[in-house]
Amino acid sequence: MPPNETWRHHRAILQQHLGKTSMVQHQITLEKHSRTLLSLLFRKPLGFLEHTRHAIGAMILEVNLNYICFYTLTLTEIHKSTYGLSIQAENDPNVAVAERAVELFGEMLVPGTYLVDILPFLKYIPSWFPGMTFKRKANEMKTHVKALKNEPFAAVKAAMKAGNASPSLVSTLLESQVSTNGSVNNGEGEIDEELIKSISAIIYFAGIDTTEAAVQVFFMAMILYPNIQKAAQEELENVIGSNSFPTFKDQPNLPYINVLCKEVLRWHPVAPLGLPHVLKQDDIIGGYFIPKGTLVMGNTRYLLHSEDVYGLDGDVFNPERFLKEGVKDPDPAFGYGRRVCPGRYLAENVLFIIVASVLYTFDIKAEGANLPSLDFTPGFIS
Ligand code: HEM
């Protein structure tokens, strides 16, 4: 989306609902889902990937941001009661649509994946022409995205009409509807329904895979660095004792957990090249002329492993580096400038509560003697 009026509208709503100060109101929800995660891990530890995806999806869902998540969650009961929708716990066709859309989205975000990125005229060649895979995939994506945008939105509207909608970003925006022509007004200016639909879809796409990947990095680091795991558990035990579970109130007293979360974001940034940006005007950087329209990618991983900032041991998982005076926070993990991730505070809160709760309750170890290799999946989200 170029930085136009539409983008500004999206951005303003996202910032209002996901800003730093809005987080306090979501923290009880995040704590609740972190406890559910613990009980699922207790019952089936080897399902930790599935459980964390579920927990993160549920957190995003319930902080009232997004009802699209319901497609990918197994929160069957909630949705049955809220919408009268019947989502199968496994192999649900709607889930498959959502997952396929996310998969295609990740693929398409990597510039240069398709020749059309370099030779834009290819977009005029019909999709039946040999080599036009990108067109067929784009068409498939369009169908999935349409379904993702429209169906949950219609479900929320129907639930509101029936008087049994839970509060959500979508319902809040719809409730503020004042105009008679079907468009929505937030009291300050007109917001159309397309905007609401697209915001809820964006939050799903942008929030779930990224946050989930960061939690996976945490699990991997804890297996590879048992001493760090132990140090974190000691802090939790000293601060919380044995009769409670970690909450956000404990956060100021848990400096080691806080720096461990920062190190997760630094050690393996889940978007190692961020998102592509485009130059709005000609520029000269370090003596190089870069023309307007050039696609530029920030080398986030390089910045977060820079010897000047983080020392010589950048490849080592070492949270204590952040305890030293003047070491920069891993901000580039969330991108740059005006497009910086609007979900970063939610992501940081989710990461904190999952890390603290899991380490307080469990030891994380590899099954058997095999340690995971340091292999990461390729793609925009790694
Ligand atoms: C650990 C988790 C996350 C990471 C590492 C992450 C990282 C990023 C990065 C690198 C960008 C590109 C910024 C740029 O263009 O320079 C971005 C954009 C974005 N993120 Fe996140 N993100 C995370 C979680 C979330 C969550 C939870 C949400 C929403 C609930 C979210 C919503 C967005 C949106 C909407 C954008 C596009 C912003 C725009 O173009 O104006 N992200 N994120």
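Modeller: A salt bridge is counted when a side-chain nitrogen of Lys or Arg lies within 4 Å of a carboxyl oxygen of Asp or Glu. This is a predicted model, in which local features need pLDDT of at least 70 and side-chain atom pairs count only at pLDDT 80 or more, while totals for chains, interfaces and linings use all residues. Residues are numbered from 1 along each chain as its sequence is written, and side-chain values use heavy atoms, with hydrogens and water left out.

Colleague: What makes arginine 266 and glutamate 263 a salt bridge?

Modeller: Their closest N and O atoms are 2.8 Å apart, and the pair therefore meets the cut-off. Both residues lie in helix H10, 3 residues apart, about one turn of the helix; helices are DSSP runs (H or I, at least four residues), numbered from the N terminus. Arginine 266 and glutamate 263 are both buried. Through shared partners, salt bridges join Glu263, Arg266, Asp313 and Arg321 into one network.

Colleague: How many salt bridges does the structure hold?

Modeller: There are 12. Among them is the pair of aspartate 329 and lysine 262, at 2.8 Å from N to O. Aspartate 329 lies in the loop between helices H12 (307–310) and H13 (344–361) and lysine 262 in helix H10, so this pair ties together parts that are 67 residues apart in sequence.

Colleague: Why is aspartate 329 called partly exposed?

Modeller: Its relative accessible area is 35%, which falls between the limits for buried (under 20%) and exposed (over 50%), with a 1.4 Å probe and protein chains only. Lysine 262, at 27%, is likewise partly exposed.

Colleague: Which word applies to isoleucine 118, buried or exposed?

Modeller: Isoleucine 118 has a relative accessible area of 58% and is therefore exposed. This residue lies in the loop between helix H5 (93–108) and helix H6 (133–162). Together with Leu115, Leu119, Phe121 and Tyr124, Ile118 makes a nonpolar surface patch of about 580 Å².

Colleague: Why is helix H9 called oblique to helix H10?

Modeller: The axes of H9 (residues 226–240) and H10 (residues 255–267) come within 8 Å and cross at roughly 140°. That makes H9 oblique to H10, because angles under 35 degrees count as roughly parallel, over 145 as roughly antiparallel, 65 to 115 as roughly perpendicular and the rest as oblique.

Colleague: Which residues in H9 and H10 meet?

Modeller: Ile228, Ala231, Ala232, Glu235 and Leu236 in H9 meet Pro255, Tyr256, Ile257 and Leu260 in H10, where contact means heavy atoms within 4.5 Å.

Definitions and conventions
Patches are made of residues with over 30% relative accessible area and no salt bridge: like charges are joined within 9 Å, nonpolar side chains (Val, Leu, Ile, Met, Phe, Trp, Tyr) within 5 Å. Accessible areas come from the Shrake-Rupley method with a 1.4 Å probe; for residues, only the protein chains shown count as cover. Helices (H or I, at least four residues) and strands (E, at least two) are DSSP runs, numbered from the N terminus. Axes are lines fitted to C-alpha atoms, for helices over the stretch in contact, and angles run from 0 to 180 degrees between N-to-C directions.
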